[in-house]
Amino acid sequence: MADENAPRPQAAPSGPPSGPSGHSGPGGPRPSGPRPGGPPRRGKRSFVRKKKVCRFCVDKSDFIDYKKAEILSSFVQERGKILPRRMTGTCARHQRWLGVAIKRAQNIALLPFAAEL
């Protein structure tokens, strides 16, 4: 009978997790409302990046010629590295052809492997 006054262990709540995203993090649920650093932002500038277009698709070229070093040199860094698609905007198919053409041009000395340091 002395056990009636003893504290009972409480079970975990069986409801859905709290928080706006459906679950709470280590610090508890996120506060809703203004940001903690001050008032909410207004007039925030939005920057829309223009999608890069593949130069070879625009020209409808079926073949990238390794003998045209002046075209290929714009896709090679000064150190001799081939620029990635995200920088040049070429599509995947033409990027593969471009890599092959650049490597062929380098092998027959139309393009340098690397600039002189």
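I began with contacts (heavy atoms within 4.5 Å): of those in the chain between residues at least 6 apart in sequence, 54% join residues at least 24 apart.

I noted that this is a predicted model, where local features need pLDDT of at least 70, side-chain atom pairs count only at pLDDT 80 or more, and totals for chains, interfaces and linings use all residues. Residues are numbered from 1 along each chain as its sequence is written, and side-chain values use heavy atoms, with hydrogens and water left out.

Whole chain. I found four helices and zero strands (DSSP runs numbered from the N terminus; helices are H or I, at least four residues, and strands are E, at least two). I looked up burial next: 18% of the 117 residues are buried (under 20% relative accessible area; exposed is over 50%, partly exposed in between, with a 1.4 Å probe and protein chains only).

Thr88. I located Thr88 in helix 3, residues 85-88. Thr88 counts as buried because its relative accessibility is 19%. Leaving aside neighbours within four places in sequence, I listed Lys52, Phe75, Leu83 and Gln95 as its contacts.

Trp97. I located Trp97 in helix 4, residues 92-107. Its relative accessible area is 35%, so Trp97 is partly exposed. With neighbours within four places in sequence left aside, Trp97 is in contact with Ser61, Asp62, Phe63 and Ile64. I also checked Tyr66: Trp97 and Tyr66 are 31 residues apart in sequence, and their C-alpha atoms are 9.6 Å apart in space.
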